[in-house]
Amino acid sequence: TPLLWTAGSTPTSIKNSGIRNSVLPRDAMGRILTSPTLNVANYPNVFAIGDCSRPKKVPYPGTAQVAMQMATVASWNIYASLSKKYSCREQDTFTLLPFSYLNLGEMMTLGTNDATISTLGGIELSGPAASWLRRLVYAARMPTPGQGLFAAVDGSSRKLARGALRSARRKSKPVDWK
């Protein structure tokens, strides 16, 4: 029976529980050691992804970008493992895929209306335009179209409202209370 557990690598309230205190093999920093196919060493039916795992000698950056790419490979590998286990036909072959990270660049918020974006293609953008683009990329990466639309509209409407308030404050005349 498959079990999916999504959790951080450090327990928040329960002493001696969680990944750092499990029997899974870990490196000196507490990351779970995995093979290139993201299954845990000595535990072929257990997969680990994200910043709590280490599939190669030099760890990948602990970013959402890495975890999301790992999730795609791990989900296929879990499917392949289960299909192989429950297949009735011998000719069915399900190969586990190795993880290969593709650095897509970096995006960073620098306040309410400022951001910076850099990509592998050498494109760099900063300021309000980067802030809008970052919001749209974030919305596009949401799991469902509804969540993407909400992220785009919610963030954009707040940015527009803040801009309108700033503009209204600049145009308003001081009140003479005399």
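# Note on the predicted model

1. If residues within four places in sequence are set aside, Asn77 is in contact with Thr37, Phe47, Thr95, Leu96 and Leu97, where contact means heavy atoms within 4.5 Å. Asn77 lies in helix α1, and the residue is buried there, with a relative accessible area of 0%. Buried stands for under 20% relative accessible area, exposed for over 50%, and partly exposed for what falls in between (1.4 Å probe, protein chains only).

2. This is a predicted model, in which local features need pLDDT of at least 70 and side-chain atom pairs count only at pLDDT 80 or more, whereas totals for chains, interfaces and linings use all residues. Residues are numbered from 1 along each chain as its sequence is written, and side-chain values use heavy atoms, with hydrogens and water left out.

3. As for the overall fold, the protein chain has three helices and seven strands, in the order β-β-β-β-α-β-β-β-α-α along the sequence. Helices (H or I, at least four residues) and strands (E, at least two) are DSSP runs, numbered from the N terminus. The protein chain has 178 residues, of which 25% count as buried. Among contacts in the protein chain with a separation of 6 or more, 30% come from residues 24 or more positions apart.

4. The largest nonpolar core is made up of eight residues, namely Leu38, Phe47, Tyr60, Val66, Met70, Val73, Ala74 and Phe99. Its largest share, four residues, is supplied by helix α1 (residues 64-86). A nonpolar core is here a set of buried Ala, Val, Leu, Ile, Met, Phe, Trp, Tyr and Cys residues joined through side-chain atoms within 4.5 Å. Within this group, Val73 touches Leu38, Leu97, Pro98 and Phe99 when residues up to four places away in sequence are not counted.

5. Leu38, one of the core residues, is found in the loop between β1 and β2 and is buried, with a relative accessible area of 0%.

6. Ser35 sits in the loop between β1 (32-33) and β2 (39-40) and is partly exposed, at a relative accessible area of 24%; the C-alpha atoms of Ser35 and Ala48, 13 residues apart along the chain, are separated by 9.6 Å. Gly50, in the loop between β3 and β4 (53-54), is buried, with a relative accessible area of 11%.

7. Strand β5 (residues 106-109) and β6 run antiparallel and are joined by four bridges, pairing being assigned if DSSP finds at least two bridges between two strands. Glu106 has Ser118 of β6 as its bridge partner. The hairpin of β5 and β6 has five residues between the strands, and in it Gly111 takes a positive phi near 125 degrees. β6 also pairs with strand β7 (residues 124-127), in the antiparallel sense and over four bridges, and Ile117 stands opposite Leu125 in β7. In strand β6 (residues 115-118), Ala115 and Ile117 form the covered face, while Thr116 and Ser118 form the uncovered one.

8. The second largest pocket holds about 710 Å³ of space and is lined by 23 residues, of which Gln65, Gly105, Glu106, Met107 and Val137 lie nearest its centre. On a 1 Å grid over the protein atoms alone, a pocket is an open set of points where a 1.4 Å probe fits, with protein on both sides within 12 Å along at least five of seven lines, and lining residues have an atom within 4 Å of a point; a volume is the space filled by probe spheres set on the points, which are joined across faces, edges and corners. The elements α1, β5, β6 and α2 (128-140) each supply at least two residues of this lining. By class, the lining has 13 nonpolar, seven polar and three charged residues, with Ala, Val, Leu, Ile, Met, Phe, Trp, Tyr, Cys and Pro counted as nonpolar, Asp, Glu, Lys and Arg as charged, and the others, Gly among them, as polar.
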